[in-house]
Amino acid sequence: RFGSCAAAVYLQRQVIVADIAKDALWEFRRGAALRCGLRACWSTPIVASDGRIIGTFAVYTPQAGTPGGRDFE
């Protein structure tokens, strides 16, 4: 409930949040995100060669929605 990056690390998988204003994963950070103009996020764990998660790669957008088309390229 601390946002997409925290969820991606905890779940050890990519997390896509289409609308930060409505998603439970953003319960504790929603206000800050919305004040900064963030509405959607997808986050992917970065995994070291030994299997440890060492960070995340995240993309935020100012409009609600999910990635599509060439977004992942």
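What covers the buried residues of helix H1? I will come back to that after some background.

This is a predicted model, in which local features need pLDDT of at least 70 and side-chain atom pairs count only at pLDDT 80 or more, while totals for chains, interfaces and linings use all residues. Residues are numbered from 1 along each chain as its sequence is written, and side-chain values use heavy atoms, with hydrogens and water left out.

The overall picture comes first. The protein has two helices and three strands; helices (H or I, at least four residues) and strands (E, at least two) are DSSP runs, numbered from the N terminus. From the N terminus on, the order of elements is α-β-α-β-β. The radius of gyration is 12 Å, close to the 11 Å of the globule rule for 73 residues, so the protein is as compact as a globular protein of that length. That radius is taken over C-alpha atoms, and the rule is 2.2 Å times the number of residues to the power 0.38. The C-alpha trace spans about 35 × 30 × 15 Å along its principal axes. Of the 73 residues, 25% count as buried, where buried means under 20% relative accessible area, exposed over 50%, and partly exposed in between (1.4 Å probe, protein chains only).

Next, the sheet. Three strands form an open sheet in the order S1-S2-S3, with antiparallel pairing. S1 and S3 are the edge strands, each pairing on one side only. The twist averages 15° from one strand to the next. Two strands count as paired if DSSP finds at least two bridges between them. S1 and S2 are joined by three bridges, and S2 and S3 by eight. Trp42 in S2 is the bridge partner of Ile16, and the bridge partner of Trp42 in S3 is Val59. The hairpin of S2 and S3 has five residues between the strands, and there Gly51 takes a positive phi near 95°.

Now back to H1, residues 4–11. Its buried residues are Ser4, Ala7 and Ala8. They lie on the same side of H1, because they cover an arc of only 100° around the axis; the arc is that of the directions from the helix axis to the C-beta atoms. As for the opening question, what covers them includes strand S1 (15–17), S2 and strand S3 (53–61). H1 lies across S1, S2 and S3, running at about 145° to S3. Axes here are lines fitted to C-alpha atoms, for helices over the stretch in contact, and angles run from 0 to 180 degrees between N-to-C directions. After H1 comes Gln12, with a positive phi near 60°.

Ser43 belongs to S2, residues 40–47, and is buried, with a relative accessible area of 0%. Leaving aside neighbours within four places in sequence, Ser43 is in contact (heavy atoms within 4.5 Å) with residues including Ser4, Ala8, Val15 and Phe57.

Last, the cysteines. How many disulfides does a search of the whole structure find? The count is zero, a disulfide being a pair of cysteine sulfur atoms within 2.5 Å. The sulfur of Cys5 is 5.3 Å from the closest cysteine sulfur, in Cys41, which is too far for a bond. Cys5 is partly exposed, at 21% relative accessible area, whereas Cys41 is buried, at 0%. Val17 stands opposite Cys41 in S2.
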